[in-house]
There are 2 protein chains.
Amino acid sequence: MLRLYDYLESGNGYKVRLLLTQLGLPFERVEMDILEGETRTPAFLAKNANGRIPLLELEDGHFLAESNAIQWYLAEGTALLPDDRRLRAEVLQWMFFEQYSHEPFIAVLRFWHHAGTLAEHGEAEIAAKRAGGEAALGVMERHLRERPYCVGDAYSIADIALYAYTHVAGEGGFDLEAYPAVTTWLARVRSQPGHVPITEPVGGP
Amino acid sequence: MLRLYDYLESGNGYKVRLLLTQLGLPFERVEMDILEGETRTPAFLAKNANGRIPLLELEDGHFLAESNAIQWYLAEGTALLPDDRRLRAEVLQWMFFEQYSHEPFIAVLRFWHHAGTLAEHGEAEIAAKRAGGEAALGVMERHLRERPYCVGDAYSIADIALYAYTHVAGEGGFDLEAYPAVTTWLARVRSQPGHVPITEPVGGP
């Protein structure tokens with residue numbers, strides 16, 4: 001059975017959890033306390049030298065890291081990843097946008113709030129994180145004003161990638177009411193068959 | 001003809017330039033002065049709402065952003081992207097590693113040096129960038145000690161993705177002599193047929 005090394009509050013972990021659930025793939029979930037350094041032990045670093053969750057252990061014992069690479073692996077050949085060459089590249093475009101222009105701002109501010117470490121960061125650093133997050137939400141707002149989903153006219157792993165941290169952006173202090181097209185799209189993603197909330201510990205044991 | 005909106009010093013642009021050259025695909029290169037805001041004009045934002053290069057304009061007029069998504073689009077069906085499902089996911093794993101754990105540290109420090117803006121950043125911020133870059137190089141060093149290329153036993157777009165900013169890490173103050181396996185791999189990448197240096201303005205007009 002597939003084994004997912006995960007952390008329940010992580011949006012990156014949630015992407016894989018949600019996708020596995022929507023694809024109906026059984027998996028064992030192993031919770032790692034990242035705040036206690038459980039992903040930086042020699043045992044875990046032997047599995048993923050970059051010391052991060054999510055990490056997927058395949059049935060043949062190979063490990064796969066990076067949430068969006070794992071999504072690609074799992075979604076290949078399913079309705080959640082288009083067949084068309086250009087649309088596939090657009091899925092990747094939005095997943096790279098998510099990891100470079102969205103997650104480092106929106107997810108990081110949320111993490112500082114959750115971990116109680118916001119006060120350790122300077123005002124300028126926090127303001128830069130906020131500006132980066134607002135810019136990413138602005139790009140999404142303009143994109144989603146004209147289409148129902150991130151890529152083409154169908155729900156895909158690009159939507160899962162961007163939903164993961166966007167829908168909890170409020171936990172990092174962002175006001176999603178300022179982004180009505182994003183808010184409508186969030187509801188559309190939430191209405192997909194098999195959707196599960198971020199903190200629901202799906203998967204076994 | 002393919003048209004690449006680019007900036008010669010950019011490692012992200014270089015990935016696409018190098019790949020197009022190695023694949024023998026003709027293209028027109030349009031230099032954008034990012035320091036003068038040429039990627040933030042209304043005309044450019046209509047092409048890429050995220051306001052960044054590289055941006056590839058396809059022959060049918062569609063635009064594709066994000067260096068590694070562009071690489072994937074161009075390399076599909078060539079020897080630079082494996083056929084095997086797991087190896088393809090590993091290529092993506094290393095390209096996401098590059099954009100999340102490598103570029104934001106190594107490329108950003110180099111950019112601050114080039115743009116002459118290093119002094120605008122605090123000591124703690126610079127130290128954090130340096131630590132992140134050293135961590136990324138450490139992950140690469142351990143990975144490349146045991147294999148000739150990033151994925152499988154062949155040169156791929158994962159190598160191009162990581163070569164782009166690694167080989168100029170010294171321009172950001174990193175000492176590559178501390179990473180002998182990385183240094184050996186850099187020479188191996190440089191010896192590939194059709195290799196061109198980062199500042200060579202390949203492509204027309």
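Visitor: Which residues of α3(A) are buried?
Guide: The buried residues of α3(A) are A:Ser67, A:Asn68, A:Ala69, A:Ile70, A:Gln71, A:Trp72, A:Tyr73 and A:Leu74. A residue is buried if 20 or more other C-beta atoms, placed from the backbone, lie within 10 Å of its own. Helices such as this are DSSP runs of H or I with at least four residues, strands are runs of E with at least two, and both are numbered from the N terminus. Eight of the nine residues of α3(A) are buried.

Visitor: What covers them?
Guide: The cover includes α1, β3 (55-57), β4 (63-65), α4 (85-115) and α6 (157-166) of chain A, together with α4 (85-115) of chain B.

Visitor: Before I go on, what sort of model is this, and how do I read the labels?
Guide: This is a predicted model, in which local features need pLDDT of at least 70 and side-chain atom pairs count only at pLDDT 80 or more, while totals for chains, interfaces and linings use all residues. Residues are numbered from 1 along each chain as its sequence is written, and chains are lettered from A and ligands numbered from 1 in the order in which they are written.

Visitor: Which domains does chain A have?
Guide: Domain 1 (2-75) and domain 2 (85-190), with bounds from an automatic or database domain assignment. Their centres, taken over C-alpha atoms, are 21 Å apart.

Visitor: How many residues are in contact between the two?
Guide: Twelve residues of domain 1 of chain A are in contact with eleven of domain 2 of chain A. Contact is C-beta atoms, placed from the backbone, within 7 Å.

Visitor: Which element gives the most on the domain 1 side?
Guide: α1(A), with six residues.

Visitor: New topic. How is chain A superposed on chain B?
Guide: By a rotation of 180 degrees with 0.0 Å of shift along its axis, at an RMSD of 0.0 Å.

Visitor: Which C-alpha of chain A is nearest the axis?
Guide: That of A:Tyr100, 3.1 Å from the axis. Both copies use the same surface, as 100% of the contact residues of chain A recur in chain B.

Visitor: Last one. What is the secondary structure of chain A?
Guide: Seven helices and four strands. From the N terminus on, the elements run β-α-β-α-β-β-α-α-α-α-α.

Conventions: Buried ≥ 20, exposed ≤ 12 C-beta atoms within 10 Å, placed from the backbone. Least-squares fit on C-alpha atoms with pLDDT ≥ 70 in both.
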